[in-house]
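Subject: Structure handover

Hello,

The structure you asked for is below, with its sequence. My notes on what turned up follow directly after it.

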Amino acid sequence: TSIRLMCSLAELLEQQRKDVEAEQVARQVLEYQRRQTPRADLFEFKQSSYALTRVLKRRGAGEEALNVERELIAFLRAAADEPDASISTLHRVAATFLFTVNDELRDAPRAVELELEVNRRAEYRNPLFVRGLAQAYLRAGDTMRAVQAWEQSFALIVDDRSRAAQLSYAAWELLNVPPPESRDPAAALKFAQRANELTGYENPAYLTNLARAFALDGQTETAVDVWNKLIAILPDDRARANSLNGAAWTLLTGTPETIRNPAVALKLALRAAELSKSENPAILDTLALAYARTGDAAKAVDTQEKAISLLAGDASDRAEYITRLTEYEAAANDSIQSRMP
């Protein structure tokens with residue numbers, strides 16, 4: 001019981017970014033777990049290992065973070081290879097192989113093998129397990145089989161509300177899964193449309209997925225129409241500003257580059273900045289990029305400088321903001337020199 005509580009505490013402290021306390025608790029409980037006989041509980045060992053891994057990554061101890069997670073992966077592989085490994089164990093191990101903290105430890109092919117065994121034993125009757133197989137296929141680069149598996153999972157869900165949630169989740173996965181080559185906006189669009197049809201186009205999260213799917217499928221005008229519908233049902237200016245910011249960022253950074261539309265993104269980013277009273281650094285960061293992509297490097301510099309001034313001193317993305325500012329400054333200087341006689 002004390003180990004279980006310590007694992008939960010380490011996880012909670014890490015989520016609250018109380019890194020010193022989280023590291024202390026996680027290291028202590030991991031020492032206990034390594035000596036446990038029989039072996040430590042899979043879920044608890046994962047809790048403590050991930051708490052420590054994330055803390056180490058944040059403070060730049062990448063090599064130790066990699067070693068801690070590598071130990072966890074080896075622990076899970078051994079558990080999955082045991083002859084009497086349960087369905088739940090195999091499913092949990094497969095999920096861990098897909099969602100590692102360190103990308104180089106991800107093992108989608110092995111996750112596919114495990115999820116196939118899980119679903120063979122469950123006779124493909126559990127929508128949660130079939131969804132796990134879809135996720136594994138997608139991260140292994142087999143989008144076609146992933147879509148087929150999701151369709152199987154949808155058919156196993158009896159009520160429209162739960163089916164809509166699963167459809168929207170699948171759409172989100174197809175729009176965001178790494179690497180970008182595995183993404184499929186067209187399939188995501190079909191799932192997102194079905195989710196919204198089941199819920200009357202009144203769920204903000206589902207509408208967000210639908211708008212992004214239209215945008216990443218190259219249908220910018222329709223995407224903007226959906227974003228406007230979304231803005232109309234959001235409860236306050238903060239939510240509206242954040243939604244517009246996400247819309248602008250999608251049109252500035254989406255792949256392939258042919259679907260990008262900086263001019264429309266600038267309009268959306270300006271609306272977001274107005275709604276947020278130009279006090280949100282993330283929104284100003286997007287606006288600066290929109291200015292830069294539409295050829296106004298001087299405004300990009302001014303806007304990015306303000307964004308940086310609003311960042312917290314320990315903001316994890318400060319370096320990214322500064323890098324972009326340097327790029328805008330170089331573009332502004334080039335523009336000035338090009339106008340000189």
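Arg-145 and Asp-142 pair through their side chains in a salt bridge, with N and O 2.8 Å apart. The term is used here for a side-chain nitrogen of Lys or Arg within 4 Å of a carboxyl oxygen of Asp or Glu. Arg-145 counts as partly exposed because its relative accessibility is 41%. For accessibility, buried means under 20% relative accessible area, exposed over 50%, and partly exposed in between (1.4 Å probe, protein chains only).

On provenance: this is a predicted model, in which local features need pLDDT of at least 70 and side-chain atom pairs count only at pLDDT 80 or more, while totals for chains, interfaces and linings use all residues. Residues are numbered from 1 along each chain as its sequence is written, and side-chain values use heavy atoms, with hydrogens and water left out.

Other salt bridges

The structure holds 23 salt bridges. One of them links Arg-139 to Glu-173, where the closest N and O atoms are 2.8 Å apart. Arg-139 belongs to helix α7 (residues 127–139) and Glu-173 to helix α9 (residues 160–176), so this pair ties together parts that are 34 residues apart in sequence. Both Arg-139 and Glu-173 are buried. Helices (H or I, at least four residues) and strands (E, at least two) are DSSP runs, numbered from the N terminus.

Asp-160 and Arg-163 also meet in a salt bridge, at 2.8 Å from N to O. These two residues are three apart in helix α9, so about one helical turn separates them. Asp-160 is partly exposed, at 41% relative accessibility.

Overall figures

The protein chain has 17 helices and zero strands. Its C-alpha trace spans about 75 × 45 × 40 Å along the principal axes. The chain has 341 residues, of which 46% count as buried. Of the contacts between residues at least 6 apart in sequence, 55% join residues at least 24 apart; contact means heavy atoms within 4.5 Å.

Helix packing

Axes are lines fitted to C-alpha atoms, for helices over the stretch in contact, and angles run from 0 to 180 degrees between N-to-C directions.

Helix α1 (residues 2–15) and helix α3 (residues 42–58) cross at roughly 30 degrees, and their axes come within 8 Å. They are therefore roughly parallel to each other (angles under 35 degrees count as roughly parallel, over 145 as roughly antiparallel, 65 to 115 as roughly perpendicular and the rest as oblique). The crossing of α1 and α3 is left-handed, that is, the near helix is turned anticlockwise from the far one by less than a right angle; clockwise would be right-handed. On the α1 side the residues in contact include Ile-3, Arg-4 and Cys-7, and on the α3 side they include Arg-54, Val-55 and Arg-58. By class, this contact has five nonpolar, three polar and six charged residues. Ala, Val, Leu, Ile, Met, Phe, Trp, Tyr, Cys and Pro count as nonpolar, Asp, Glu, Lys and Arg as charged, and the others, Gly among them, as polar.

Helix α8 (residues 143–155) and helix α10 (residues 185–199) pack at about 15 degrees, with axes 12 Å apart. This pair, too, is therefore roughly parallel, and α8 passes α10 in a left-handed crossing. Val-147, Trp-150, Glu-151 and Phe-154 in α8 meet Ala-187, Phe-191 and Arg-194 in α10. The contact has five nonpolar, no polar and two charged residues.

Backbone points to check against

Most residues other than glycine have a negative phi, and most peptide bonds are trans. A cis peptide bond joins Pro-178 and Pro-179, with omega about -5 degrees; Pro-179 sits in the loop between α9 and α10. The bond from Thr-255 to Pro-256 is cis as well, with omega near 0 degrees, and Pro-256 is in the loop between α13 (237–253) and α14 (262–275).

Arg-17 has a positive phi, near 60 degrees. Arg-17 lies in the loop between α1 and α2 (19–35) and is exposed, with a relative accessible area of 54%. Tyr-124 has a positive phi of about 55 degrees and is in the loop between α6 (108–122) and α7. At 32% relative accessibility, Tyr-124 is partly exposed.

Regards
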